[in-house]
Amino acid sequence: MTQPLALIFYEDLMPGSQLVNRLQDLQYRVQPLTGGDDLAAAAQESGPMLVFADLVCERLDVCKAIAALRANPGTAHVPVIAFADEAETALQESARLAGATLVVTDAAILTHLEQFIERALQVE
């Protein structure tokens with residue numbers, strides 16, 4: 001059986017690298033993207049089951065990248081779990097408006113990863 005692919009967009013090693021390890025433990029193939037990568041193009045090319053996006057990034061407006069992912073007919077269906085520090089409330093709201101499926105804190109993402117994945121993958 002083929003392992004599902006998860007794209008992970010992050011700049012900060014914590015929790016980005018920890019998330020990579022946890023997803024691999026859950027039998028996901030993981031394609032990490034860092035700071036300057038084009039999220040929509042990478043998702044179009046690789047066809048992931050899920051996208052994880054760290055909202056705090058100095059080199060890129062991640063919320064615009066999420067909006068571009070949603071605007072592309074080839075990637076609009078891919079669930080996006082965005083995460084940021086709990087103090088980044090404005091950034092979290094921007095991610096919701098951009099089309100993130102779930103927006104969670106970086107403290108919670110590792111603790112509740114399986115539940116977040118299950119919720120993001122629910123068909124409505």
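**Close-up 1. Helices α3 and α4 meet through residues from both sides.** Cys63, Ile66, Ala67 and Arg70 of α3 are in contact with Leu91, Ser94, Ala95 and Ala98 of α4, where contact means heavy atoms within 4.5 Å. Helix α4 covers residues 89-98, and the axes of the pair are 8 Å apart at an angle of about 10 degrees. That angle makes α3 roughly parallel to α4. Angles under 35 degrees count as roughly parallel, over 145 as roughly antiparallel, 65 to 115 as roughly perpendicular and the rest as oblique. The axes are lines fitted to C-alpha atoms, for helices over the stretch in contact, and angles run from 0 to 180 degrees between N-to-C directions. Helices (H or I, at least four residues) and strands (E, at least two) are DSSP runs, numbered from the N terminus. This is a predicted model, in which local features need pLDDT of at least 70 and side-chain atom pairs count only at pLDDT 80 or more, while totals for chains, interfaces and linings use all residues. Residues are numbered from 1 along each chain as its sequence is written, and side-chain values use heavy atoms, leaving out hydrogens and water.

**Close-up 2. Helices α2 and α3 cross at roughly 40 degrees.** Here α2 (residues 39-46) and α3 (residues 62-71) have axes that come within 8 Å. The two helices are therefore oblique to each other. On the α2 side, Leu39, Ala40 and Ala43 make the contact, and on the α3 side Ala65, Ile66, Ala68 and Leu69 do.

**Close-up 3. Thr75 sits in the loop between α3 and β4.** Leaving out residues up to four places away in sequence, Thr75 touches Ala40, Ala43, Gln44, Leu69 and Arg70.

**Close-up 4. Asp54 is a buried residue without a salt bridge.** You can find Asp54 in strand β3, residues 50-54. A salt bridge is a side-chain nitrogen of Lys or Arg within 4 Å of a carboxyl oxygen of Asp or Glu, but the nearest side chain of opposite charge to Asp54, that of Arg59, is 11 Å away.

**Close-up 5. Leu102 and Val104 both belong to strand β5.** The strand spans residues 102-105. Leu102 counts as buried at 8% relative accessibility, and Val104 counts as buried at 8% too. Not counting residues up to four places away in sequence, Leu102 touches Val80, Ile81, Ala82, Phe116, Arg119 and Ala120. With the sequence neighbours within four places set aside, Val104 is in contact with Ile81, Ala82, Phe83, Ala84, Ile109 and Phe116.

**Close-up 6. Gln27 has a positive phi of about 70 degrees.** Most residues other than glycine have a negative phi. Gln27 is not a glycine, yet its phi is positive. Look for Gln27 in the loop between α1 (13-25) and β2 (29-34). With a relative accessible area of 47%, Gln27 is partly exposed.

Key. Buried < 20%, exposed > 50% of the residue type's maximum accessible area, 1.4 Å probe, protein only. Lys, Arg positive; Asp, Glu negative; His and termini not counted.
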